[in-house]
Amino acid sequence: MSTEPAPTAILPEEPAAAPTDATGEALQPPATPPDADGAPRPSARPLTAALLNLSGLGLGYLHLRAWLRLVVALAATAGLAWVALPIGREPIAVWWALGYLGVLGLFALDAALLARRRARPETPQRTIWTPRTAGRIAWATLAVVPILGTAYVVTQHEVLEQFLAHDLAQAEESLDSAGTAFGPFKKTYDTAYTTYLQTAEQHPGTRAAERVPGLIDDLYAQAKGETECNALNVVRHFALPETPGPLQAVAENELSGALHDCGMEFVEDDQLTTAEGPLTELMTDHPSSDPAAALPDDLAAWRDGLIKELASKKGCSGTAAAADSAGFLAGFESGKVSALADKARTEVPAGLLKCAVRQFKAQDHVGAEANLAALLDSYPRAKETGYAERLQIAAGIARLDPKAGVKLPSLKEPEGTVTLTVHNYSPDEFEMVYTGPATGVITIDACDDCTYYAKGDQPECIGYSLTVPSETVTIPAGDYLTATRHDGVILNWENGELDKESFTADGGLCTWNQKR
């Protein structure tokens, strides 16, 4: 027998249990409120709202239609703009920028929380853009703050460059007005130098700072000028320990060279007394420097040049320096320098004498007197002094009367054959110079018992007297020109002329002074 399967009843599925809350009541899915056209409106996304607010324009609040918050956000951006604009010499303090970024972060967090809260069913509200559009705008405007910040930094840097360029230009203009006169414009140079240093130290990354080393070099070169001794003043000034910046070390290294160059400049200009200062300082304070080592050779070359010039036939130049050279060289404590004086003592007197002889022959009697006086003063023990003294007398007499026909004294005078005695009836010391077959001077002490005579009066010349001083010389017979000498200067007699005397036999002369 067959059995058929019993029919199976199909039971309907029981619906899944709805989720419940803590009280056991079923939770309802959030309802999306319809838009104006009846379509469901999506909620704002928190991340999008946050990113929109990072633009600094409050776009997150605009998207959420949070108008009061939007005003606050725009006010914060406007406040930063008020602080930062107009762009000046210096940027705004970094705390302003950091504070503003912190505020933007708070705005972003606030927008995210506001969007999250408004996504709840009980607080649905409209948004400006759809989530897709808002997201695109958010990512696009995220670059606003970095772009504006970068633009501000670049613009502010250019503004700073303009200010710095103006500062440097003003400093250069002040130096142009000062020229190379350092002394009276020392403050001008210091001010310009300070401007350069501040530019480089406070703004090291600027184009202006890159120009500073060259500008400092130009300032230093301009201040030193073209003369070595002006340069020494500049080097001394910037070599002071309190001088800031790179010039202190530069000037300190150049000080020994500046002392050498200035001293030699004075030497070449025959200002030996002035040259002693810097050269002595060089040898005393910088004895191991290269300029100090070179000084003996430089002074030797200068000395040899003087001697060569004195011996030349071109005339006389540098005779004053030549006359003083031995004393100048001997005055240094350095043995290498003082040893140079020996050659000067040997050769310079002969050169000065040759020069004076050439001047006498050229009837430059004034120049001859000066050079002979320099020889006698500077080299009193030289073998040339004997003839130099006689030549000086002849030149002095010839100066009083160039037409008198004074001859160059012979190197070796003839022996005397006539005895001449001169009596001094004056209360002053008396000197009589003479030239002719022989040249010389008669010096007589003052007469203590004598007085001045009235004009037209004269003493009775009685010859030998115990109270009237006298001097006797033996000279060759012949015609002589005579004059008087006071304080080393040869002068005419009181009648304003030279006296022409013929001494052919033994005799005497009397001299006196008239009342002044």
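A search of this whole structure, which is a predicted model, turns up 3 disulfides. A disulfide is a covalent bond between the sulfur atoms of two cysteines. Here they are side by side:

| Pair | Sulfur to sulfur distance |
|---|---|
| Cys229 and Cys262 | 2.1 Å |
| Cys447 and Cys450 | 2.0 Å |
| Cys461 and Cys510 | 1.4 Å |

Let's take the pairs in turn.

Are its two ends buried or exposed? Cys447 has a relative accessibility of 1%, so it counts as buried, and Cys450, at 13%, counts as buried as well.

For Cys461 and Cys510, the torsion about the S-S bond is about 50°, so this disulfide is right-handed. Cys461 lies in the loop between strand 3 (439-444) and strand 4 (470-475), while Cys510 belongs to strand 8 (residues 507-511), so the pair joins parts that are 49 residues apart in sequence. Cys461 is partly exposed at 42% relative accessibility, whereas Cys510 is buried at 19%. The cut-off for buried is under 20%.

**The whole chain**

Now step back to the protein as a whole. Its secondary structure comes to 17 helices and 8 strands, and 39% of its 516 residues count as buried. Among contacts between residues at least 6 apart in sequence, 64% join residues at least 24 apart. The accessible surface comes to about 29500 Å², and 56% of that belongs to carbon and sulfur atoms.

In soluble globular proteins, nonpolar side chains tend to be buried together. In this model, the largest nonpolar core has 85 residues, and Leu299 and Phe328 have the most contacts inside it. Helix 10 (residues 247-268) supplies the largest share of this core, with 9 residues. If you look around Phe328, leaving aside residues up to four places away in sequence, you will find it touching Val267, Leu272, Ala275, Glu276, Leu279, Leu299 and Trp302. There is also a second, separate core of 14 residues, with Met432, Tyr434, Ala438 and Trp493 among them.

**Salt bridges**

How many salt bridges does the structure hold? The count is 9. Asp304 takes part in one with Arg303 (2.9 Å, N to O) and in another with Lys343, where the closest N and O atoms are 3.2 Å apart. The second pair links distant parts of the chain: Asp304 is in helix 12 (residues 290-311) and Lys343 in helix 15 (residues 341-361), 39 residues apart. Arg303 is buried, at 8% relative accessible area, while Asp304 is partly exposed at 31% and Lys343 is partly exposed at 33%.

Arg345 is partly exposed, with a relative accessible area of 42%, and so is Asp342, with 45%. Shared partners join Arg303, Asp304 and Lys343 into one salt-bridge network.

**Confidence**

Finally, a word on confidence. The protein averages a pLDDT of 81, and 73% of the residues score at least 70. Over residues 1-40 the pLDDT is below 50, and this stretch has 20 contacts in the model beyond near neighbours in sequence. Where pLDDT is low, the predicted coordinates should not be read in detail.

Technical notes: Residues are numbered from 1 along each chain as its sequence is written. This is a predicted model: local features need pLDDT of at least 70, side-chain atom pairs count only at pLDDT 80 or more; totals for chains, interfaces and linings use all residues. Side-chain values use heavy atoms; hydrogens and water are left out. A nonpolar core is a set of buried Ala, Val, Leu, Ile, Met, Phe, Trp, Tyr and Cys residues joined through side-chain atoms within 4.5 Å. Buried means under 20% relative accessible area, exposed over 50%, partly exposed in between (1.4 Å probe, protein chains only). Helices (H or I, at least four residues) and strands (E, at least two) are DSSP runs, numbered from the N terminus. Contact means heavy atoms within 4.5 Å. A salt bridge is a side-chain nitrogen of Lys or Arg within 4 Å of a carboxyl oxygen of Asp or Glu. pLDDT is the predictor's confidence in each residue, from 0 to 100. Accessible areas come from the Shrake-Rupley method with a 1.4 Å probe; for residues, only the protein chains shown count as cover. A disulfide is a pair of cysteine sulfur atoms within 2.5 Å.
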